[in-house]
Amino acid sequence: QFHHYSHTLFTPSSSSATHTRRRPHCPRMEISPSRHRRKDKVLIIVGATGSGKSRLSVELATLFPYSEIINSDKIQVYRGLDITTNKIPFHQRNNVPHHLLGDIDPSHGEFSPSDFRRHAGDIISDITSRRKLPIIVGGSNSFIHALLVERFDPESNVFDESSSLSTSISSDLRYKCCFLWMDISFPVLSEYLLKRVDDMFDSGMVNELAEFYEPDADNQTGLRKAIGVPEFDRFFKQYPPQVGPDESERHNPMREGAYIEAVKAIKDNTCQLAKRQIGKILRLKRAGWDLQRIDATEAFRAVLTSESNGGGEEFTGVWKKQVLEPSVKIVKRFLME
Ligand code: ATP
């Protein structure tokens, strides 16, 4: 029903051609190759891990059916570890095209912010050339920053706490951006994250990690940095998965203790990740990025209480009112601009 917005997916850009001519030559900088007369419209959903970005993106892409989703989670870009990295399962994607979600071969080395800028930039050009709306969704703010800024310097880490904020994060963006920021009060989010890790284990995360285990692997790059891999590599070093526990080993209290320790480390690291991601989002906001905050706290409170009562109806109602409806309003306004 929102098809009629598709003709408004482009917006006149402010004298970008003159900017290009005036810019001094700088070989290290990656500058958008061609300055179009109009900037393409892009919708970006930011938020900490577990904040419901994927769900919202699919719902919006379903309501605005000319949309396609581009993943901006630096770990989910790789093929493999679908449960551990929490990729949205196929049956929940509602036939919405997803790009850079499990497309990259992890054996080809690290997929860098520069790689993301180039690949996602090409995908955006392709999507907009078909007069469709790109929706960028994922928790890696370094990727989102690399993709969106007009001038990107691969050498500088703008989220490095020691660098000066005002000079590092530019608000000069190469697309016409609409940002939705999924925000949840931290105590509620962390309670939800602990539960999510338990659910991931119920879905077979240990078997996935056991298959992925390599005794001599270096966990410093790419997919091997995923939360879960280093934590369980330590466990598998002591209790190798190939051997498989016999009955006596299965109930070995030392083994059980090490297992509980590994799960706890994953929970701690997931909450730490969420905290760091929120810090980075606040830095983007302070740098002048127009992030429109959607407070999903009540919806997450409902999911935590309603599941113990055996139903998700309350969650769905609160989610619609507090998250989906305000988001739809913002996107409609953006597309009409
Ligand atoms: P940083 O500068 O810390 O790398 P970033 O913004 O580039 O931050 P984040 O998305 O915050 O990237 O990811 C940082 C780390 O968090 C990853 O290296 C990985 O260990 C973990 N991580 C991120 N996303 C996932 C995921 N989907 N599954 C598992 N671990 C993840």
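**Figure 1. The whole predicted model, before we zoom in.** A residue counts as buried when its relative accessible area is under 20%, as exposed when this area is over 50%, and as partly exposed in between (1.4 Å probe, protein chains only). This is a predicted model, in which local features need pLDDT of at least 70 and side-chain atom pairs count only at pLDDT 80 or more, while totals for chains, interfaces and linings use all residues. Residues are numbered from 1 along each chain as its sequence is written, and side-chain values use heavy atoms, with hydrogens and water left out. Take a moment to find your way around: the protein has 12 helices and nine strands (DSSP runs of H or I with at least four residues, and of E with at least two, numbered from the N terminus). How much of the protein is buried? Of its 337 residues, 50% are buried. Among contacts (heavy atoms within 4.5 Å) with a separation of 6 or more, 80% are made by residues 24 or more positions apart.

Figure 2. Why are the two partners about one helical turn apart? Because R55 and E59 are four residues apart in helix α2, which covers residues 53-63, about one turn separates them. R55 has 33% relative accessibility, so this residue is partly exposed. By the same rule, the count for the model comes to 19 salt bridges.

**Figure 3. A salt bridge between distant parts of the chain.** K132 and E68 pair through their side chains at 3.2 Å, N to O. The two residues are 64 residues apart: K132 sits in the loop between α3 (113-129) and β6 (133-137), and E68 belongs to strand β4 (residues 67-71).

**Figure 4. A helical pair, and a network to look for next.** In helix α11 (residues 297-308), E298 and R301 lie three residues apart, about one turn of the helix. Their side chains meet in a salt bridge of 2.6 Å, N to O. E298 is partly exposed, with a relative accessible area of 36%, and R301 is also partly exposed, at 39%. Elsewhere, salt bridges that share partners join E68, D126, R130 and K132 into one network.

Figure 5. Rolling a probe the size of a water molecule over the atoms shows where empty space is left. A search of the whole structure finds two cavities of 30 Å³ or more (on a 1 Å grid over the protein atoms alone, points where a 1.4 Å probe fits but cannot get out; lining residues have an atom within 4 Å of a point). The largest cavity holds about 50 Å³ of space (the volume filled by probe spheres set on the points, which are joined across faces, edges and corners). Which residues line the largest cavity? They are G47, A48, S51, W181, M182, D183, I184, L189, I278 and I281. Both β8 (176-183) and α10 (253-286) supply at least two lining residues, and β8 gives the most, with three. By class, seven of the lining residues are nonpolar, two polar and one charged (Ala, Val, Leu, Ile, Met, Phe, Trp, Tyr, Cys and Pro are nonpolar; Asp, Glu, Lys and Arg are charged; the others, Gly among them, are polar).

**Figure 6. The second largest cavity.** The volume of the second largest cavity is about 30 Å³. Around this space you can pick out K74, I75, Y78, E110, F111, G222 and K225. This lining has three nonpolar, one polar and three charged residues.

Figure 7. Q76 is buried, with a relative accessible area of 10%, and V77 is buried at 0%. Leaving aside neighbours within four places in sequence, Q76 is in contact with N71, T85, N86, K87, L100, L101 and G102. With residues up to four places away not counted, V77 touches N71, L100, L101, G102, D103, I104, F111 and F143. Look at V77 and G102 in particular: they are 25 residues apart along the chain, yet their C-alpha atoms are separated by 4.7 Å.

How values were computed:
Salt bridge = Lys/Arg side-chain N within 4 Å of Asp/Glu carboxyl O. 1 Å grid on protein atoms, 1.4 Å probe; cavity = no way out; pocket = protein on both sides within 12 Å on 5 of 7 lines; lining within 4 Å.
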